[in-house]
Amino acid sequence: MSTDTIISLPDQSTARVPKVNFWTKENGVLSWLLTGDHKRIAMLYLISITVFFFIGGALAGLIRLELLTPQSDLMATDTYNKVFTMHGVIMVFLFLVPSVPATLGNFLIPIMIGAKDLALPKINLLSWYLYVAGGITVLYTMISGGVDTGWTFTTPLSTHYLNTNVLSTGIAVFIAGFSSIFTGLNFIVTIHKMRAPGMTWFRLPLFVWSHYAASILMVLGTPVLAIAIVLVALERTLGIGIFDPAKGGDPILFQHLFWFYSHPAVYIMILPGMGVISEVISTFSRKRVFGYTAVAFSSVAIAVFGFFVWEHHMFIMGVSTYSTLVFSLLTMLVAVPSAIKIFNWTFTLYKGSITFETPMLYAFGFMGLFTIGGLTGVFLGTTGTDIHLTETYFIVAHFHFVMVGGMLMAFLSGIHFWWPKITGRMYPEKISQLAALVTFIGFNFTFFPQFILGTLGMPRRYAAYPAEFQILNVFSTAGATILGVGYVLPLLYLAWSLKYGEIAGNNPWQATGLEWQIQSPPLTENFVEIPVMDHDAYDYEWLERQKEKEVTTSVG
Amino acid sequence: MLIQLTLISQDVFHSFSIPAFRVKREAIPGRYTSVWFEPTTPGKYHLFCTQYCGTNHSAMIGDIVVLTPEGYKQWLAESTSGMSLAQNGERLFATLSCNACHNGRPDSRGPSLANVFGSRLTLANGSTTTADEAYLREAILNPSDHVTQGYAPIMPTYQGQVSEDGVITLVEYIKNLHSNDRVEQTLNTTDLLPEGEGKAASQRPAGSNSQGRIPAPQGTVKQ
């Protein structure tokens, strides 16, 4: 790297990864499968969600390949329907919802607040087993014939008209939902009860705040999804008629129940990513996060407002015009805290000493793409424009900008940022910067044309489409291949770096967070002694003083 | 010319979308929704179902053909179907012998349906309601819950006996029924052609068989 870098690695000729750490403390498969250590559970999660991410990604590749031509020629239409359904189910329930919280959150929250573990380690392990059970049920569904409800399970299609594996998918989502509830519960208890002395609420890193907000959503929202899924199952098997107009039921009720979870779920997915971005932006600008309190409370505000906007998914579904006005207004309001975050990050950059390591590149990608995703959300929240844009590729592009451009960028940013802490070794900087760039270019190539397709009126979930839309679909598919390269690259070089990466030392980024003051990889107990917090989360002057004294807690 | 459509689905959620006209509305099982638009330029436009509805979702498409008034007249003259919804409804009304009771005679067992559309009704349970499309549909499918004051609850339910297609034609017929003279006459329905109306009603083609032309009557052309 040139001079504009902050990486400070120990002398590689003498540096060693500490012999005793959470990876080496115990050996054998059972020591992993029965572990209570939040860091090991985080690694179990990381491996399993990576597997599901690449399965979901492969399905996305199939979707793009099919859409290369206007005809339904690569797959039959019902195969296509199954593929996009599985893509949605896997990506939403098995990747996006657990992505950052269950891996980075699990790994970092106890360390960031100065605790030895999460409050409920066995519940934490149970949540991973539930996740795996849900995941295996999804794989069973896929292998035994698939399901074609779409990830939204719309009744009465899912209850009365499809002969595919709706039940097993429902069971999978139900089980995976409990995994998410347990993770959220664990975080809430831990953040309330396990903070180190001196770690007041307003000294918590913003990563912890955003996870706290997301946890509230998980605990309050996910049970509603579970109820909706159970009702679908009962309607399908016993015909209880709650969603069936012929029996006095109401299919709109399912939409209300489903979106009451599934809109807050969007914030479950994005909030932890925002936490990552706060940490990364601050570290690589060498500055306190601008407006710490505002950013902290904006997370809570998103969590609160997030529960009162669900009906904007149903504007054209025959709900009353007056309620669409109310929900449109509330939808505008939820854009405010998101904007607060974007503005505060921008102000954090202002006059910062910015460097451009890989996590920062991904974070810049997040800020740009999430802003586009968020603003197009306002188009969709406006009742007039929603009529034209909803149910088209515009909405597909919108939520991929938020979820892939936002959340996945944040996830990759966080993985790179904390990789030295997790593994004790650096990832290769040059190639990972290239990967970040390739991802950004590929992403825009893939999803920007879909905004145009949507405004032209191409409906979503179409296996075949009018020929006039082909050119933009070819662009999109071409972009998807670039994006695919951007995702495979980190998988390869991060695996490579496990053995060949440079030794990272305790604090390669010279960051202030508590996690950077302990050895890399951490001890199973995290801290030799529980730290006492006497400064706030982003106090770079404190770090300077700390470096003068050069205290290291490395053992072995 | 304004076109107003009443939509209902007899199976799953569908969505009626004409991107060029910026209109989109879900067709929902069990309830009427409505959408309107005013075509101004003759031509052929995409019609899409935009709510995922099963295996052949992407085949649930069609064309909206907007014609000049002359072109429409010509199309109508060449058309072999030529029956309006209300005409079909009148035929069904007679087939089901609805006119045995709903005939407007002083001793009839059912209330007169002339000009019932849009009127305020007092029901047997004392409540009042406006007889809109949704009410008429409900009254056909669940008559015992919608008995007009002064009449006995003797009407059988037509749930499962009349398709949503049929119900919408019956409703359209009742909407256009302004006197009881016609109820017992032989069919002479030329003045019920949509040409003469201020607005025409059509119906969402529910189910998988939805390809084909959906003619949109066209009044004035601004050019």
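Figure 1. A:E391 counts as buried because 25 other C-beta atoms lie within 10 Å, where the cut-off for a buried residue is 20 or more. The structure shown here and in the other views is a predicted model. A:E391 belongs to the loop that joins α13 and α14 (393-423) of chain A. Although A:E391 is not a glycine, its phi is positive, at about 65 degrees.

**Figure 2. A:R286 in the loop between α9 and α10 (292-305) of chain A.** A:R286 is another residue of chain A shown for its backbone: its phi is near 55 degrees, a positive value in a residue other than glycine. With 18 other C-beta atoms within 10 Å, A:R286 is partly exposed.

**Figure 3. Two cis peptide bonds in chain A, one ending at A:P156 and one at A:P521.** The bond from A:T155 to A:P156 is cis, and its omega is near -5 degrees. A:P156 sits in the loop between α5 (121-143) and α6 of chain A. The bond from A:S520 to A:P521 is also cis, with omega near -10 degrees. The loop that holds A:P521 runs between α16 (470-500) and α17 (540-549) of chain A.

**Figure 4. A:S328 and its contacts.** A:S328 is part of helix α11 (residues 321-349) of chain A. This serine has 21 C-beta neighbours inside 10 Å and therefore counts as buried. Apart from neighbours within four places in sequence, A:S328 is in contact with A:H312, A:G381, A:T382 and A:T383. A:S328 and A:G381 are 53 residues apart along the chain, and their C-alpha atoms are separated by 5.4 Å.

**Figure 5. Helix α12 (residues 358-381) of chain A.** The helix has 24 residues and spans 34 Å from its first C-alpha to its last, close to the 34 Å expected at 1.5 Å a residue. Of the 24 residues of α12(A), 18 are buried, so the helix is largely enclosed by the rest of the structure.

Figure 6. Chain A contains 17 helices and zero strands. Its C-alpha atoms fill a box of roughly 75 × 45 × 45 Å along the principal axes. Buried residues account for 56% of the 556 residues in chain A. Among the contacts in chain A with a separation of 6 or more, 86% are between residues 24 or more positions apart.

**Figure 7. Contact between chain A and chain B.** Chain A contributes 30 residues to the contact and chain B contributes 27 residues. On the side of chain A that touches chain B, two or more residues come from each of α3 (77-96), α6 (157-161), α9 (251-285) and α13 (383-389) of chain A. α3(A) gives the most, with three residues. By class, this side of chain A has 17 nonpolar, ten polar and three charged residues.

**Figure 8. Strand β2 (residues 14-18) of chain B.** Five of the five residues of β2(B) are buried, and the strand is mostly covered. In a regular strand, side chains alternate between the two faces of the sheet. In β2(B), B:H14, B:F16 and B:I18 point one way while B:S15 and B:S17 point the other way, and all are buried.

**Figure 9. Strand partners of β2(B), namely β3(B) and β5(B).** β2(B) pairs with strand β3 (residues 23-27) of chain B in the antiparallel sense over five bridges, and B:I18 stands opposite B:V23 in β3(B). The two strands form a hairpin with four residues between them, and B:R22 in the turn has a positive phi of about 60 degrees. β2(B) also pairs with strand β5 (residues 43-49) of chain B, in the antiparallel sense over two bridges. In that pairing, B:S17 stands opposite B:F48 in β5(B).

**Figure 10. Domains of chain B.** The domain assignment of chain B gives domain 1 (3-80 + 201-216) and domain 2 (85-192). Eight residues of domain 1 of chain B are in contact with nine residues of domain 2. The side of domain 1 that touches domain 2 has four nonpolar, three polar and one charged residues. Chain B comprises four helices and nine strands, in the order β-β-β-β-β-β-α-α-β-β-α-α-β from the N terminus on. Of the 223 residues of chain B, 38% are buried.

Terms used
Residues numbered from 1 in each chain as written. Chains lettered and ligands numbered in written order. Predicted model: local features only at pLDDT ≥ 70, side-chain atom pairs only at ≥ 80, totals over all residues. Contact = placed C-beta atoms within 7 Å. Nonpolar A, V, L, I, M, F, W, Y, C, P; charged D, E, K, R; others polar. Buried ≥ 20, exposed ≤ 12 C-beta atoms within 10 Å, placed from the backbone. Pairing = 2+ DSSP bridges. Domains from an automatic or database assignment. Expected span 1.5 Å × (residues − 1).
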